[in-house]
Amino acid sequence: AGKVVNPLRGAEEKVPSTGFQCEPTAENVARWRQWFAHWRWDQAVFFWFLNTLTIMLFIVGALAVLRPRHLVPQGFEVAVTQAHILGEIMGKPGWYLMLIVAFATLFSTQLSLVDGCARTLSDILYVNFEWAKKRSLSWWYAVIAGGWIIAGCLLAGLNFPPLLLLITGACMGGVAMAIYCPMTLYINHRFLPREFRPGWVSKLFLGWASLLYGAFALFTLWQVVREAIKLFGG
């Protein structure tokens with residue numbers, strides 16, 4: 001697969017608009033299994049384990065700091081309140097440490113969201129529309145990512161609640177996953193040779209994820225419609 005380069009400083013790279021399918025020969029199957037084993041370990045260690053560990057550390061840290069004082073802060077007050085308490089215990093280093101950790105967590109989350117959405121949307125445009133091919137994939141990526149960042153800055157400047165932005169982004173990601181998971185199952189079984197299709201364990205988890213995100217998406221959309229009816233229906 002071609003890479004998305006910085007259009008301001010990198011040389012343009014021709015990116016194919018479609019993929020290719022290899023024949024299920026013994027050599028290709030062996031190479032596929034070797035790659036898939038590497039991918040499985042990568043996802044298990046760097047995605048599942050480290051994310052789970054980080055979430056548990058945040059939970060334990062919040063309980064250790066807030067529970068003894070019977071505090072239940074809301075929204076971004078969670079980080080600020082913990083920073084104040086750590087500042088009382090450790091001085092200025094504790095205050096700054098908590099705020100730096102909170103900033104790094106939110107920044108990395110938003111960076112991943114902007115990058116992932118920009119890559120997905122630019123790929124959809126570049127692959128499916130002839131008029132979009134007049135520009136490079138990198139150009140579309142830069143426009144979408146830059147537009148996303150500018151829109152976020154404008155909303156922040158208009159005092160739009162930042163927590164609402166995070167919640168909205170998370171809900172949009174959940175709805176996207178409700179489409180992505182069953183589509184992945186369908187594509188794998190519709191277009192891939194039998195030798196490259198996922199095993200029953202992967203099917204089980206993808207099916208479970210499809211049901212989970214599907215229920216979440218329906219519930220979210222139902223709440224949005226209900227609030228809209230209340231707002232415009234009096």
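1. Let's begin in helix H3 (residues 92–128), which holds both Arg119 and Asp115, 4 residues apart, or about one turn of the helix. Their side chains form a salt bridge, with 3.0 Å from N to O. Please keep in mind that this is a predicted model. Arg119 counts as partly exposed because its relative accessibility is 39%, and Asp115 is also partly exposed, at 26%.

2. How many salt bridges does a search of the whole structure find? There are 3.

3. Do have a look at Arg69 and Glu88, whose closest N and O atoms are 2.9 Å apart in a salt bridge. This pair links distant parts of the chain: Arg69 sits in the loop between H1 and helix H2 (77–90), while Glu88 belongs to helix H2, 19 residues apart. Arg69 is partly exposed at 39% relative accessibility, whereas Glu88 is exposed, with a relative accessible area of 56%.

4. Lys133 and Glu130 make a salt bridge too, at 3.9 Å from N to O. Is Glu130 buried or exposed? Glu130 is exposed, because its relative accessible area is 62% and the cut-off for exposed is over 50%. Lys133, at 30%, counts as partly exposed.

5. Finally, the surface has a nonpolar patch of about 1,000 Å², made by Trp41, Val45, Phe46, Phe47, Trp48, Phe49, Leu50, Leu53 and Leu57. One of these residues, Phe46, is found in helix H1 (residues 26–66). Phe46 counts as exposed, with 57% relative accessibility.

Conventions:
Residues are numbered from 1 along each chain as its sequence is written. This is a predicted model: local features need pLDDT of at least 70, side-chain atom pairs count only at pLDDT 80 or more; totals for chains, interfaces and linings use all residues. Side-chain values use heavy atoms; hydrogens and water are left out. Patches are made of residues with over 30% relative accessible area and no salt bridge: like charges are joined within 9 Å, nonpolar side chains (Val, Leu, Ile, Met, Phe, Trp, Tyr) within 5 Å. Accessible areas come from the Shrake-Rupley method with a 1.4 Å probe; for residues, only the protein chains shown count as cover. A salt bridge is a side-chain nitrogen of Lys or Arg within 4 Å of a carboxyl oxygen of Asp or Glu. Helices (H or I, at least four residues) and strands (E, at least two) are DSSP runs, numbered from the N terminus. Buried means under 20% relative accessible area, exposed over 50%, partly exposed in between (1.4 Å probe, protein chains only).
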